[in-house]
Amino acid sequence: MPGELSPHRARTRPHSKTPPLTRCAPALLQLQRGLRIAVLIIKMLFLGHMLGCLWYGVSALYDVVGVDESGETSWRASYADGVVADASTPMDVRYLISAYWAVVTMTTVGYGDLTPQNELEVIFCCLSILFSALTFGYMLSNVGVLIASI
């Protein structure tokens with residue numbers, strides 16, 4: 001019949017319309033970039049959390065097994081007149097001070113108010129600075145690349 005479309009012609013879409021996935025692609029790319037930035041920020045926060053907890057743990061370990069005749073103490077005993085080492089200090093204050101040290105170390109600001117007081121803490125600080133500088137720099141450069149591509 002002259003007015004009917006052929007079966008092949010009825011199944012195809014006109015070429016003037018764009019496929020739905022192509023129309024959504026820019027929005028999906030923006031969403032993907034935003035999620036990648038969020039994941040990198042979460043990774044940086046996790047790194048700061050882990051370094052802060054390990055920093056506190058190293059000093060607690062030294063207080064338990066490392067006290068010797070030399071009279072060296074840990075950073076907990078020397079910071080703010082031993083407030084952090086006091087058992088009555090709430091754990092959230094201890095965590096906040098440790099996380100503060102981790103963020104200052106990761107960002108290489110290094111204010112100098114929390115310093116290692118014994119050899120174990122010095123070794124941990126050196127390793128933390130090396131590891132966090134490499135990791136933080138890598139993550140920050142990825143965030144910069146993602147923001148530049150937006």
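# Close-up views of a predicted model

**View 1. The end of helix H4 and the residue Thr108.** Helix H4 is followed by Thr108, a residue whose phi is positive, near 60°. This value belongs to a predicted model, and Thr108 has its positive phi although it is not a glycine. For background, most residues other than glycine have a negative phi. Thr108 lies in the loop between H4 and H5, and because its relative accessible area is 58%, above the 50% cut-off, Thr108 counts as exposed.

**View 2. Helix H4 along its length.** Among the buried residues of H4 are Arg94, Ile97, Ser98, Trp101, Ala102 and Thr105.

**View 3. The nonpolar core around Trp101.** The largest nonpolar core of the model has 21 residues, and those with the most contacts inside it are Leu51, Trp55, Trp75, Trp101 and Phe124. Helices H2 (20–66), H4 (91–106) and H5 (119–148) each supply at least two residues of this core, and the largest share, 8 residues, comes from H2. When residues up to four places away in sequence are not counted, Trp101 touches Leu51, Trp55, Leu114, Phe124, Cys125 and Ser128. As a general background to this view, nonpolar side chains in soluble globular proteins tend to be buried together.

View 4. Leu61, Val64, Val65 and Leu120 make a nonpolar surface patch of about 390 Å², to which H2 gives the most, with 3 residues. Val65 is found in helix H2, and its relative accessible area of 61% lies over the 50% cut-off, which means that Val65 is exposed.

**View 5. Ser74 in the loop between H2 and H3.** Ser74 lies in the loop that runs between these two helices, yet its relative accessible area is 0%, and because buried means under 20%, Ser74 counts as buried. Leaving out residues up to four places away in sequence, Ser74 touches Ser59, Tyr62, Asp63, Gln117, Asn118 and Glu121.

**View 6. Arg76 in helix H3.** Arg76 has its place in helix H3, which covers residues 75–78, and at 10% relative accessibility, under the 20% cut-off, Arg76 counts as buried. Setting aside its neighbours within four places in sequence, Arg76 is in contact with Tyr56, Ser59, Ala60, Asp63, Gly82, Val83, Val84 and Ala85. Arg76 and Ser98 are 22 residues apart in sequence, and from C-alpha to C-alpha they are 9.5 Å apart in space.

**View 7. Ala80 in the loop between H3 and H4.** Ala80 is found in the loop that connects these two helices, and its phi is near 50°, a positive value in a residue other than glycine. At 41% relative accessibility, Ala80 falls between the cut-offs of 20% and 50%, and therefore counts as partly exposed.

Definitions and conventions. Residues numbered from 1 in each chain as written. Predicted model: local features only at pLDDT ≥ 70, side-chain atom pairs only at ≥ 80, totals over all residues. Heavy atoms only, no water. Helix = DSSP H or I, 4+ residues; strand = E, 2+ residues; numbered from the N terminus. Buried < 20%, exposed > 50% of the residue type's maximum accessible area, 1.4 Å probe, protein only. Contact = heavy atoms within 4.5 Å. Core = buried A, V, L, I, M, F, W, Y, C linked by side-chain atoms within 4.5 Å. Patch = residues over 30% accessible without salt bridge, like charges linked within 9 Å, V, L, I, M, F, W, Y side chains within 5 Å. Areas by Shrake-Rupley, 256 points an atom, 1.4 Å probe, with all protein chains shown as cover. Salt bridge = Lys/Arg side-chain N within 4 Å of Asp/Glu carboxyl O.
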